[in-house]
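Hi,

Here is the structure I promised to send over.

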Amino acid sequence: MSGSAQLFGPRGLRRGAALTLVFGCALATAAATGSLPREAGPEPGPQTRAVSSTLAPVDHDEIEDAAAEAEADGKSVKDAAEEVVSRSGDRWGAVYDQREYEEFEQALDGTYTGVGLSARRTGPGDVTVSRVQPGGPADRAGIRAGDLLRTLDGRAIGKRPVAEVVALLRGDGTGAAEGSRVRLGLVRDGRSWTETLERDRLTTEPVTVRRLGDAPSSAVLVKVAAFTKGAGAEVRDAVRDAPAGAGILLDLRANSGGLVAEAVVAASAFLDGGLVATYDVRGDEHALYADPGGDTDRPVVVLVDGGTMSAAELLTGALQDRGRAVTVGSPTFGKGSVQMPSRLPGGSVAELTVGHYRTPGGRNVDGQGITPDLVVGERAQQRAETVLSGLGGGS
């Protein structure tokens with residue numbers, strides 16, 4: 001997987017309370033992430049979680065029976081359910097305890113517990129800080145983008161997947177919460193040092209907007225880190241507020257997914273109604289539609305990479321298939337399976353694969369991803385800006 005992982009992003013972009021349909025993102029141990037990521041609408045809409053390309057039927061009754069038996073015996077309900085899921089072959093099926101799921105619900109509102117860092121792999125053995133959230137623990141400690149992350153709590157991380165680094169920073173699986181500490185070993189300009197950070201409750205910035213020039217018709221860059229609650233409306237507002245004639249560069253790189261309802265709202269900013277995606281749940285077909293009244297004239301370029309996942313792929317596929325945007329970058333991750341969450345005894349929640357979604361043109365994204373119209377590696381944003389300018393969207 002290419003692209004950067006969001007260490008400050010929500011670990012789980014999903015809704016626990018409603019227990020409605022989930023697609024999604026998975027960063028780290030569930031999560032490809034936090035970016036965004038296990039890592040993210042209006043109720044009671046469907047949501048996103050990216051899962052595997054193979055539909056592995058799981059006997060839900062078997063999981064419930066195992067959980068109930070474990071609870072009666074005073075054993076771990078989560079462990080018992082996880083054993084059933086692991087035997088099922090559902091590669092992305094998962095079980096979460098009550099505390100983890102509460103974290104997921106909080107993540108829907110754009111909050112998370114962490115240190116305020118994002119990172120990416122910059123070479124063999126190198127994990128580099130790619131962004132520091134203003135005002136967060138890392139920012140207060142003086143950590144900067146470009147610093148190398150060498151160790152976490154004394155453990156070398158150079159050969160670990162970035163998603164696993166996400167989990168270690170957040171303290172996933174250890175019960176670490178707000179106020180707990182993590183020790184980082186860093187390198188800057190040849191100087192090594194350690195910083196001990198205290199995890200804090202932070203607010204994400206799922207959407208950032210900036211002009212790409214000083215001219216009145218300069219293009220507008222809309223960067224969406226994850227489709228958390230309200231992100232779709234922020235995209236819509238950014239499009240509405242853009243100067244007349246200005247194009248939109250929609251940056252979905254390293255977007256780990258989120259709530260599909262938010263992705264649909266974002267799609268509605270560029271479409272005048274019509275199909276956004278279809279999905280099946282145990283063989284029953286459903287469809288997602290954009291709201292009418294979107295801006296269908298403004299030039300749009302969508303920038304993607306291997307870290308563009310689930311809900312972000314759903315949006316990309318909709319704009320590409322509908323001929324509404326030119327897509328630029330590298331092929332996306334390819335996570336588009338449907339999961340359904342359900343409560344277990346003791347408050348745990350199991351999420352099991354039940355289907356897949358498809359783009360308006362009928363493409364199955366799961367396991368395949370989306371190939372951009374213009375495939376580029378380095379200097380992708382510069383190429384995207386050139387394409388947007390050629391479409392008449394400003395420079």
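On one side of helix H9, Thr386 and Gly390 are exposed, where exposed means over 50% relative accessible area, buried means under 20%, and partly exposed is in between (1.4 Å probe, protein chains only). On the other side of H9 (residues 380-390), Ala380, Gln381, Ala384 and Leu388 are buried. Those four sit on the same side because they cover an arc of only 95° around the axis, the arc being that of the directions from the helix axis to the C-beta atoms.

Before you go on: this is a predicted model, in which local features need pLDDT of at least 70 and side-chain atom pairs count only at pLDDT 80 or more, while totals for chains, interfaces and linings use all residues. Residues are numbered from 1 along each chain as its sequence is written, and side-chain values use heavy atoms, with hydrogens and water left out.

Now the whole protein. It has 9 helices and 21 strands; these are DSSP runs numbered from the N terminus (helices: H or I, at least four residues; strands: E, at least two). Of its 395 residues, 57% are buried.

Next, the salt bridges. There are 12 of them in the structure, each a side-chain nitrogen of Lys or Arg within 4 Å of a carboxyl oxygen of Asp or Glu. Here are some to look up:

- Arg150 pairs with Asp126, and their closest N and O atoms are 2.8 Å apart. This pair links distant parts of the chain, as Arg150 is in strand E7 (residues 148-152) and Asp126 is in strand E6 (residues 126-132), 24 residues apart. Arg150 is partly exposed at 32% relative accessibility, and Asp126 is partly exposed at 23%.
- Asp200 and Arg140 meet at 3.8 Å, N to O. They are 60 residues apart, with Asp200 in strand E11 (residues 200-203) and Arg140 in helix H4 (residues 137-140). Asp200 is partly exposed at 22%, whereas Arg140 is exposed at 56%.
- Arg253 bonds to Asp251 in a salt bridge, with the closest N and O atoms 2.9 Å apart. Asp251 is buried, at 4% relative accessible area.
- Glu62, Glu83 and Arg87 are joined in a salt-bridge network.

You'll find it in helix H1 (residues 60-72), and it counts as partly exposed because its relative accessible area is 32%.
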